[in-house]
Amino acid sequence: QVQVMESGGGLVQAGGSLRLSCAASGTIFSIDPMGWYRQAPGKQRELVALITLGGSTNYADSLKGRFTISRDNAKNTVYLQMNSLKPEDTAVYYCKATVVIIPPVTRDYWGQGTQVTVSS
């Protein structure tokens, strides 16, 4: 079994910063990729950023320059540094880990989400 747990959400004023963390634990061969998604009220879940095992990153175009994804492979942990936050960034942020069970078999695991609220 694999567990994925996010932390670091909260309430912040517009222009502020938050750092989210997500740790995966359990029977893990490797995780490739790890990523962050978000879902605002009444909207579909959308990609925020992904990072591969080798460190390649992919961001939603609208977030480039404000958000930075990074990971610690030894800890099976991914981070999301969010700067210059805007009220429209308010959402539940979810972590997804694509776990390599036995190559090439993979399975996606999601965390329960962490709320980020940006006040104006």
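**Core packing and charged pairs in the predicted model**

Thr98 is situated in strand 9 of this structure, which is a predicted model. Thr98 is classed as buried because its relative accessibility, 11%, falls under 20%. Apart from neighbours within four places in sequence, the contacts of Thr98 comprise Ser30, Ile31, Asp32, Pro33, Thr106, Arg107 and Asp108.

Asp108, one of these contacts of Thr98, also takes part in a salt bridge with Lys96, in which the closest N and O atoms are 3.7 Å apart. This pair connects distant parts of the chain, with Asp108 in strand 10 and Lys96 in strand 9, twelve residues apart. The two partners were assigned to separate accessibility classes: Asp108 is partly exposed at 38% relative accessibility, whereas Lys96 is buried at 15%. Strand 10, which spans residues 105-110, also contains Val105. With a relative accessible area of 48%, Val105 is partly exposed. Together with Ile101 and Ile102, Val105 forms a nonpolar surface patch with about 270 Å² of accessible area.

The largest nonpolar core contains 32 residues, of which Trp36, Leu80, Met82 and Tyr93 touch the most other members. At least two residues of this core are supplied by each of strand 1, strand 3 (18-26), strand 4, strand 5 (46-51), strand 7 (67-72), strand 8 (77-82), strand 9 (91-102) and strand 11 (114-119). The greatest contribution, five residues, comes from strand 9.

Tyr93, listed above among the core residues that touch the most other members, is joined through its side chain to that of Arg38 by a polar contact of 2.9 Å. Arg38 belongs to strand 4 (residues 30-39) and, at 9% relative accessibility, is buried. A second polar contact, of 2.7 Å, is made between the side chains of Arg38 and Glu46. When residues up to four places away in sequence are not counted, Arg38 touches Gln44, Arg45, Glu46, Val48, Leu63, Phe67, Glu88, Asp89, Ala91, Val92 and Tyr93.

Side chains of opposite charge can pair when their charged atoms come close. Five salt bridges are present in the structure. Arg38, Glu46, Arg66 and Asp89 are linked in a network of such bridges. Within this set, the side chains of Asp89 and Arg66 meet at 2.8 Å, N to O. Asp89 and Arg66 are both buried. By contrast, Asp61 and Lys64 are both exposed; their side chains form a salt bridge with an N to O distance of 3.3 Å.

Strand 1 (residues 2-7) includes Val4, which is buried at 11% relative accessibility. With neighbours within four places in sequence left aside, Val4 is in contact with Cys22, Ala23, Ala24, Cys95, Ala97, Tyr109, Trp110, Gly111 and Gln112. Val4 and Gly15 are eleven residues apart along the chain, and their C-alpha atoms are separated by 29 Å.

Methods
Residues numbered from 1 in each chain as written. Predicted model: local features only at pLDDT ≥ 70, side-chain atom pairs only at ≥ 80, totals over all residues. Heavy atoms only, no water. Helix = DSSP H or I, 4+ residues; strand = E, 2+ residues; numbered from the N terminus. Buried < 20%, exposed > 50% of the residue type's maximum accessible area, 1.4 Å probe, protein only. Contact = heavy atoms within 4.5 Å. Patch = residues over 30% accessible without salt bridge, like charges linked within 9 Å, V, L, I, M, F, W, Y side chains within 5 Å. Areas by Shrake-Rupley, 256 points an atom, 1.4 Å probe, with all protein chains shown as cover. Salt bridge = Lys/Arg side-chain N within 4 Å of Asp/Glu carboxyl O. Polar contact = N/O pair within 3.5 Å; in protein donor to acceptor, adjacent residues only side chain to side chain. Core = buried A, V, L, I, M, F, W, Y, C linked by side-chain atoms within 4.5 Å.
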